[in-house]
Structure formats: structure tokens, C-alpha cells
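Visitor: I have a structure open and would like to talk through how its parts pack. Can we start from the picture?

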Amino acid sequence: MKSYLIYLLLLINALGIMSCKSTKPAFDPETSDKEMIIFGTGGGFTGKVIKYILTTDGNMYSYNGSETLKIGKAPKAMTNQVFANYKTLGFSQMTLNDPGNKFSFIEYQKSGDKNKVVWGKNPIENKNVETYFAVLMNIVKKLKPTETL
């Protein structure tokens, strides 16, 4: 009888250990040295900001203000093209900070270096900004086809 009690306690202990979850996030863009493009929308009545993060290895993450979740992996050729276009279109030298009530943004980050472009509903001169943003959001839609963005 005593041995059954010991086995039962060991089983309960093992189940307790297996049910513990790691609190380590899948990816933390604030501390990562990876090259990444962060983009999304925010503002409005709630002020909520929704971010998507694309890394050079093609991993796409979403950040809702409290947690970062991997939502998929973009094809390598597409990822390479997106990062090349960022440089070709001159985003790294661009200065645009006109958020308005509701806004969209594109941010490039690599090893602590950051450049952020923010715009609202006012028309912007460089149409490449909105086109590039639409391409980024299209990647998200392909990776998250059942959710509304």
C-alpha cells in the first residue's frame, strides 16, 4: 500500500512538472539584434497599436501589446525582395512623421539602429510608402487567411 502511495505521488509530481509552461517569449523585437521590418497600424478611439514583424529569415510575428506570436514564415524570395525594396526605395533616408488620429507605420531595425516612417489619413507625396505598406500587409494576409486584419 505504501509503494502505491509513493508511485501516485511521483505520478502527480511528474504531471505537475509537464504541465508547466515556459514564460520565455517566442521572439522579443526590443532585445533582438536581428534585421527586421516592423509595420502596422494604431490610434483611433482605443489607441491600440497592432504590429507585425518580418525578420530576414522570413519569420513573421504579430504583437498585440502584450505578447509576440509567430504567425508563419514568408517565402525566402519574397522576404529578400521586401528587404531589398526597403533599401532601394530609400526608406532608410526618409523622414515622415505625420500620424493623425489613426496611423500606419513602417520601421526598420537592425542592431539598435532604427528608422520609422509614420503617416495618417492625410495624403502623402511619396506613393511608394502606401504601396510598400500594402505589400507588407498582403504577406500578413497570406499567412493569416482566416483572421480579419
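Guide: What follows covers a pair of helices and then the strands.

Guide: Keep in mind that this is a predicted model.

Visitor: How do the axes of H2 and H3 cross?

Guide: Helix H2, residues 76–88, and helix H3, residues 127–143, have axes that come within 11 Å and cross at roughly 160°. Angles over 145 degrees count as roughly antiparallel, and H2 and H3 are therefore roughly antiparallel to each other.

Visitor: Is the crossing of H2 and H3 left-handed or right-handed?

Guide: The crossing of H2 and H3 is left-handed.

Visitor: Which residues meet there?

Guide: From H2 there are Met78, Val82, Asn85 and Tyr86, and they meet Tyr132, Leu136, Ile139 and Lys142 of H3. By class, the contact has six nonpolar residues, one polar and one charged.

Visitor: Strands now. How many bridges join S1 to S2?

Guide: Six bridges join S1, residues 36–43, to S2, residues 50–55, and the two strands run antiparallel. Phe39, for instance, has Tyr52 in S2 as its bridge partner.

Visitor: What sits between S1 and S2?

Guide: Six residues lie between S1 and S2, which form a hairpin. In that turn, Gly44 has a positive phi of about 80°.

Visitor: And which way do S2 and S3 pair, parallel or antiparallel?

Guide: S3 covers residues 59–63 and pairs with S2 in the antiparallel sense, over four bridges. Ile53 has Tyr61 in S3 as its bridge partner.

Visitor: Which residue takes a positive phi in that hairpin?

Guide: Gly58 does, with a phi near 95°. The hairpin of S2 and S3 has three residues between the strands.

Methods. Residues are numbered from 1 along each chain as its sequence is written. This is a predicted model: local features need pLDDT of at least 70, side-chain atom pairs count only at pLDDT 80 or more; totals for chains, interfaces and linings use all residues. Side-chain values use heavy atoms; hydrogens and water are left out. Axes are lines fitted to C-alpha atoms, for helices over the stretch in contact, and angles run from 0 to 180 degrees between N-to-C directions. Angles under 35 degrees count as roughly parallel, over 145 as roughly antiparallel, 65 to 115 as roughly perpendicular and the rest as oblique. A crossing is left-handed if the near helix is turned anticlockwise from the far one by less than a right angle, and right-handed if clockwise. Contact means heavy atoms within 4.5 Å. Ala, Val, Leu, Ile, Met, Phe, Trp, Tyr, Cys and Pro count as nonpolar, Asp, Glu, Lys and Arg as charged, and the others, Gly among them, as polar. Two strands pair if DSSP finds at least two bridges between them.
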